[in-house]
Amino acid sequence: MSSVDEPSVSVAGSEPVDEPPVSVAGSEFDRSGAHRYAERWAREVIRCGFVATSTAENQRLLLAHTVRLAEAVLADPFTPQPGYDVGRALVDAHLTEPGVLDWSVRALGERFRALVLPTLPEPAAAPRVAALQGALSAGFAGALRHRTLSQQERIAQAVWEARDRVEQALRDSEARFRAVFVDAAIGIGIADVNGQIIDVNRAFAELLGYSVAELREINVAALFHPDDAAGMWELYQELIEGKRDAVRVEKRYYRKDGSAVWTDLAVSLIRHDDGRPRFTVAMLEDITERHELQQRLRYQASHDPLTGLPNRTLFFDRLGEVFATGGPDDRVGICFLDLDGFKAVNDSLGHDLGDNLLVTVARRLADCVAEQGHLVARMGGDEFVILIDHNAGCRAVKAVADLALAAVAEPVQIGEHRLSVSASIGVVSGPLATTSVAELMKAADVTLYWAKAEGRSRWVSYDPARRAREQTRSALVAGMSAALHQGEFMVDYQPIVTLADEAICAVEALVRWRHPELGLLGPDEFIGLAEETGLIVELGRWVLARACEAASRWHREFPDARLVVSVNLAARQARDPGVVGTVSEVLRQTELPADLLQLELTESAVMATDGEPLPALRRLAALGVRLAIDDFGTGYSNLAYLRRLPIHNLKLAGPFVEGIRSSDRQGLVDGRIVDALVRLAHALGLTVTAEAVETLGQADQLRALGCDAAQGRYFAAPAPEGEITRWLAARAQRRREGAV
């Protein structure tokens, strides 16, 4: 549209008006009246509608127009052009409300002469004011028309320009889409909500081995792979039903030639303006190589690289699945296998041969249970595990263990070496409801240790009672040191009597453990553990000190009794370099005469590692301490060394004393052994004490055989220190009474 020319308006009086001559000489307008007129004009403008400028600015503008109109009335010659200019100025100032023009025209006739030109004669003013009114209206209308036409032209121009831009944008967008669609490296396909393919690009067609035209005749459902993950079709259905806006999955497709291709598939939903599903846009990227790499990495992460068997990670995954999916009545079994002597094979023949041996054993284990579907895994090193998860009962698990032992036991030919190997197996079986993965594997590990300890080349079944005993044993070992410092140990004393008159000649110190949970424990339940852990040295020192303190008190109170206290000295104590110093220091601190202390050692404890008697024995004997061989007859029984030892007393082992209770052949043999041992001891100048005397018959027979002393429950059970004190006091009282 062309631009609009300045409006041409014919205004009456635009030329000098041919009117009767009227004298206006000396006339002038009232400036204060002009101000009041401008104020009213401004108020009316504001009342008529929105004004962009302030009231003060409006008043200044309208005052200037009022003065201009007044000057026009008084001008000579007169022209109405100022009225036309004022009308245009009102529009330029955006004072375009219809009420503004109405008030301005009417006020110019009614109030203008009264306020602005009060002195101008009516005949002179009327024609001129009327001409100005017409000119103002014409100028206002012309300017308004000009602005309207200009705005319409600008709007029309903007519309055309916008339409051009939109059309160009659409063309550009279509060009970009076609460029992306056609030349994209990834496959792009468009289908309707019924799954019918509308269009695909070249990459899509090449990916699946079809032509573009062939794919346009295919429905999406025909491309779904039969081995797709569960829920794949449901996801697509949710998409075309509008329940989802996009889906992204890794999906396998069949190519036209029947081969499979793995893709990264992203499908988006295109909707109508009202939200209804319209199209689906699928983008496919070939990830076959990446998928195969992931599969290889996943396999490597779950399988042993040497044997190819599942590794411990996969084994525990499978075992976890068994527990997660099994019912309350289902059972599970484990055969935990370890090769016997495998370290010797590695050390003597090399790790390469050892690896070949592991590969052979792994293959044999897998073959022997392959038909049964059991999982065989390598746990690490020479350890393997077989999982029996098909409601395995004890008999079935043990049968698998027998198969595994037989498979491993077959000779293995590796190069020029023919190897015979064996295995130890821990067997565990139980209901899923009563165990867990951790408990099952802990039981299998413990049971394998039992199999190793019992001689190897065998399987051992899990025994809860045995495990409970071992746990108790472990708890005792763990708590023993703290118990010693917390005062949980105590010492009882068992009297030793002379068989001639059954008078108390000595007492044996026997340590007890008042366990806070297990109650009172005898030495047989923890002394062996103390020796294994090395705590026997500290515990033995404590027992020695307590016994010597008690013996010292008895000696002070009953000096005539000359009561000897006998304290057991364990093998580790006897071999302790500081044993002589410890005994000497205890005797010094307790002020006990050395000849009132007897140390009991087993036959194995008196011998050094080189088979010679311990040098410490002679040093102990030099202190004046008595030495006794405990449980004589059950250890070395080396008579050649016995005569060289500084020993004072032999204590016959309890089994010999127990044997003489019976009158059968075994009893006669044990009686002869005791007789021989007593004669031997006396020949060496030693006294003999019999242990574990339980009956009068045993006491009489020992007395008849010449045994010097005895101890056992027939005479007295172990008792606290106070009870021994009361016995000694009673004996002293009887002696005093007899003397009187």
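**Local features, sheet and cores of a predicted model**

P77 is placed in the loop between helix 2 (55-74) and helix 3 (81-92). Helices (H or I, at least four residues) and strands (E, at least two) are DSSP runs, numbered from the N terminus. The structure is a predicted model, in which local features need pLDDT of at least 70 and side-chain atom pairs count only at pLDDT 80 or more, while totals for chains, interfaces and linings use all residues. Residues are numbered from 1 along each chain as its sequence is written, and side-chain values use heavy atoms, with hydrogens and water left out.

The peptide bond that leads from D76 to P77 is cis, and its omega is near 10°. Two residues other than glycine have a positive phi: S457, with a value near 50°, and R562, with a value of about 50°. Most residues other than glycine have a negative phi, and most peptide bonds are trans. S457 belongs to the loop between helix 15 and strand 12, and R562 to the loop between helix 18 and strand 16 (564-568).

Contact means heavy atoms within 4.5 Å. When neighbours within four places in sequence are left aside, E454 is in contact with V460 and R466. The C-alpha atom of E454 is separated by 9.5 Å from that of S424, and these two residues are 30 residues apart along the chain.

Five strands make up an open sheet with antiparallel pairing, in the order 2-1-5-4-3. Two strands are taken to pair if DSSP finds at least two bridges between them. Strand 2 (197-200) and strand 3 (246-254) are the edge strands, each of which pairs on one side only. From one strand to the next, the twist averages 25°. Axes are lines fitted to C-alpha atoms, for helices over the stretch in contact, and angles run from 0 to 180 degrees between N-to-C directions. Six bridges join strand 1 (residues 187-192) to strand 5 (residues 277-286) in the antiparallel sense. G187 has L284 of strand 5 as its bridge partner. Helix 10 (residues 288-302) packs on the sheet and touches strand 3, strand 4 and strand 5, and its direction makes about 120° with that of strand 4. Helix 9 (residues 232-240) lies across strand 1, strand 3, strand 4 (260-271) and strand 5, and runs at about 135° to strand 3.

Seven aromatic pairs are found in a search of the whole structure. Rings of Phe, Tyr and Trp (its six-membered ring) pair if their centres lie within 6.5 Å; planes under 30 degrees apart count as stacked, over 60 as edge-to-face and the rest as tilted. The pair of W450 and Y462 is stacked, because the ring centres are 6.0 Å apart and the planes are at 5°. This pair links distant parts of the chain, 12 residues apart: W450 is in helix 15 (residues 437-453), and Y462 is in the loop between strand 12 (458-461) and helix 16 (464-485). W450 is buried at 1% relative accessibility, whereas Y462 is partly exposed at 28%. W513 and F526 form an edge-to-face pair, with 5.8 Å from centre to centre and 90° between the planes. W513 is in strand 14 (residues 504-515), and F526, 13 residues apart from it, is in the loop between strand 15 (519-521) and helix 17 (527-533). W513 is buried at 1% relative accessibility, and F526 is buried at 0%.

A nonpolar core is a set of buried Ala, Val, Leu, Ile, Met, Phe, Trp, Tyr and Cys residues joined through side-chain atoms within 4.5 Å. The largest such core has 88 residues, and those with the most contacts inside it are Y493, V565, L597 and L599. Helix 18 (residues 536-557) gives the most to this core, with 10 residues. A second, separate core has 32 residues, among them V45, L62, A72 and F140. In soluble globular proteins, nonpolar side chains tend to be buried together.

Definitions and conventions:
Buried means under 20% relative accessible area, exposed over 50%, partly exposed in between (1.4 Å probe, protein chains only).
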